[in-house]
Amino acid sequence: MSRFKLLFILLALTAVFLYAADDEDKKGTIPYSQFEKPETCASCHVDIYQQWTQAMMSQAYTHHWDEIEYFDLAVAHAEKVPELKGPVDGCNGCHSPLAYLAGDVTPPRPSENSRANESVSCDLCHTITGIHGDVPFNFSYIVNPGRKKYGAKEGLVSPHHDTEFNKIFTQAEFCGNCHNEKNPYGIWVKSTQLEWKEGPYSEDGVPCHQCHMPKALGRNAKMAKEDMVAQHLFNGAHDPGKLAGAIELRMHPVEREVEYDAVVEIKVQLFNGKAGHKIPTGSVEDRIMWLHVTATDADGKKYHIPVDKKGFEGEEYTIGSTELAYKDMGVPKGLPDFKGVERDGVPVGDRIFRMPYFDPEGVMTIMQWNTKTLGVDYRIGPRETKIETFTWQLPENIAIGKVTFTAQLNYQKLVKPVADFLGVPEEESEILPINSATTWIEVYD
Ligand code: HEC
Ligand code: HEC
Ligand code: HEC
Ligand code: HEC
Ligand code: HEC
């Protein structure tokens, strides 16, 4: 064997070791007792604590859909496929970091009220001192619990703890520790910070904090002086107000006045003016956004208009259909002949903005750990505008006069057929309006 070959093999082995080190070496290294409880912080940081309890951050382990997916799909899957045990334990590296660090995996169910329920807690975040490696992903945070709490301000004094400024608290990479995720197949199944990094907000120096932890005048602790304080809102897709208007919508006809038998063309512009990443982002395997266009003629008769196809590869996954998918849920659910459930649950022909995840058999999946490939990325990037066209042959019996068109853009955190199959509470699959637009044409004889 040549010396180069040997060197290469050694380097490759080191790389494998380092990759494993990122997610595995923390498990079971720090007992729960090293971390303070959020209730301890609450006695002084009153507002921040109440904000946090309303954010998904405090529910990352206890939230119903998290419990259902973790226990009924992920843990159940790892019981059937033992190689999945490591990655499935790893869910907790982000959702219940204290349990993961304590080696308390699989943690007790949320109903047992264990410390796993603290989810992404104050003391976890405020004892982070850095990132393993260059690119943050898969709970790559370095954590150093103790008397010292790290933050974005210099020289603060507290009776309960020491404080220290650490630049990482001002950086998007801090969030990327948990908001980027690579699965066992090496697929980026979550990439919010990476999307941000290649977009305009990173270039403009606008980190996640400016939109998810905006600063406002107030007191960060009972005894503190007034100052600009980072609000711990962390509001995202679970806040209808955050979603509302995230995409701006306008539409117009190519021709305003048309004959009764004309073919009409409508254009819709969708502009992502509000998010620092793609929409949808994060749990992209679960989330969809879709555009529903209808026409109403002068007699009040309503018609649904399907979107024009553009002809790109994989486009069939971006247009509402009744096709079945998510067959791989049958494995953890113990249903060998499971055919899957409907892929979309939205009106046939509507445009869907999404990126499909495929299992090793090439069927769409919501089990991100079982994702071997990704399909076409038809989401709307930060400050990107997409145009959709709707070509419509006026129906024979159309009333003469004004025809009004309405475009409705909706969002769903979890595709409804999956939510219904798994018994996930309604609120996770409710239809959330993002925006709407209207235009009109005049039909003459
Ligand atoms: C007895 C009251 C008290 C308790 C309990 C307390 N803090 Fe503080 N904390 C303060 C005060 C006072 C400051 C300084 C505020 C200022 O001057 O702006 C502070 C500042 C901070 C800062 C800002 C540090 C910086 O440099 O930016 C962080 C972070 C922090 N506390 C986290 C925590 C966490 C986490 C807990 C619970 C584990 C906690 N605190 C418990 C009183 C307290
Ligand atoms: C997901 C991580 C995360 C969690 C959870 C979290 N914080 Fe923070 N906190 C931050 C970051 C990041 C900053 C700095 C934000 C900035 O300045 O832009 C911060 C800032 C602070 C500050 C200083 C605020 C200011 O601007 O004066 C205090 C105090 C604080 N946090 C306390 C807490 C307490 C108490 C909790 C729990 C109730 C908590 N944090 C939960 C990440 C977190
Ligand atoms: C310019 C403002 C802006 C910036 C910068 C920004 N976001 Fe967002 N974010 C939004 C808006 C608006 C939404 C709601 C629309 C949506 O869900 O995409 C959102 C949604 C989210 C969601 C919820 C997605 C879901 O489907 O549940 C997460 C998670 C998130 N952002 C994390 C981040 C992280 C991490 C960063 C930094 C790497 C970041 N955001 C930067 C505005 C921003
Ligand atoms: C220790 C891991 C961790 C860190 C660090 C972290 N997050 Fe999160 N974050 C999570 C998890 C896990 C969830 C999902 C909660 C759930 O299960 O719905 C979440 C949820 C969110 C949501 C809510 C999404 C929704 O669906 O409504 C937003 C917004 C968000 N994070 C923003 C941030 C920002 C901004 C930062 C950096 C300042 C950050 N996070 C740092 C783990 C983390
Ligand atoms: C690298 C960190 C990380 C790992 C590992 C991780 N998650 Fe998450 N998870 C997140 C973040 C961050 C979000 C929030 C994203 C968003 O809001 O779109 C999230 C969202 C979710 C959601 C959606 C929550 C909701 O309320 O809509 C579920 C369910 C979930 N994760 C389950 C799991 C399971 C099961 C595993 C393990 C197989 C896992 N996660 C592994 C970070 C992680």
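The protein chain of this predicted model has a mean pLDDT (the predictor's confidence in each residue, from 0 to 100) of 95, and 95% of the residues score at least 70. Over residues 1-21, however, the pLDDT is below 50, and this stretch makes one contact in the model beyond near neighbours in sequence; two residues are in contact if their C-beta atoms, placed from the backbone, lie within 7 Å. Because the model is predicted, local features need pLDDT of at least 70 and side-chain atom pairs count only at pLDDT 80 or more, whereas totals for chains, interfaces and linings use all residues. Residues are numbered from 1 along each chain as its sequence is written, while chains are lettered from A and ligands numbered from 1 in the order in which they are written.

The protein chain contains 15 helices and 21 strands, where helices (H or I, at least four residues) and strands (E, at least two) are DSSP runs numbered from the N terminus. Among these elements, the lowest mean pLDDT, 43, belongs to helix 1 (residues 3-24), and the highest, 99, to strand 16 (residues 351-353). The C-alpha trace spans about 80 × 60 × 50 Å along its principal axes. Of the 445 residues, 36% count as buried, a class that requires 20 or more other C-beta atoms within 10 Å of the residue's own; residues with 12 or fewer are exposed, those in between are partly exposed, and C-beta atoms are placed from the backbone.

The domain assignment, which is automatic or from a database, gives domain 1 (17-230) and domain 2 (240-444). Their centres, taken over C-alpha atoms, are separated by 32 Å. The contact between them takes 28 residues from domain 1 and 24 residues from domain 2. On the side of domain 1 that touches domain 2, helix 4 gives the most, with nine residues. By class, this side has 18 nonpolar, six polar and four charged residues; Ala, Val, Leu, Ile, Met, Phe, Trp, Tyr, Cys and Pro count as nonpolar, Asp, Glu, Lys and Arg as charged, and the others, Gly among them, as polar.

Two ligands are then considered. Ligand 1 is surrounded by 25 residues, of which Cys-41, Cys-44, Gly-151, Lys-153 and Ser-158 are the closest; a residue is near a molecule or strand if its C-beta atom, placed from the backbone, lies within 6 Å of it. This shell divides into ten nonpolar, ten polar and five charged residues. Helix 2 (38-42), helix 8 (122-125), strand 3 (148-151) and strand 4 (162-165) each supply at least two of its residues. Around ligand 2 there are 24 residues, and Cys-122, Cys-125, Ala-152, Asn-220 and Ala-230 come nearest. Helix 2, helix 3 (46-54), helix 8 and strand 8 (227-230) give two or more residues to this second shell, with the largest share, three residues, coming from helix 3. The shell around ligand 2 comprises 16 nonpolar residues, seven polar and one charged.

Several backbone features were also identified. Most residues other than glycine have a negative phi, and most peptide bonds are trans.
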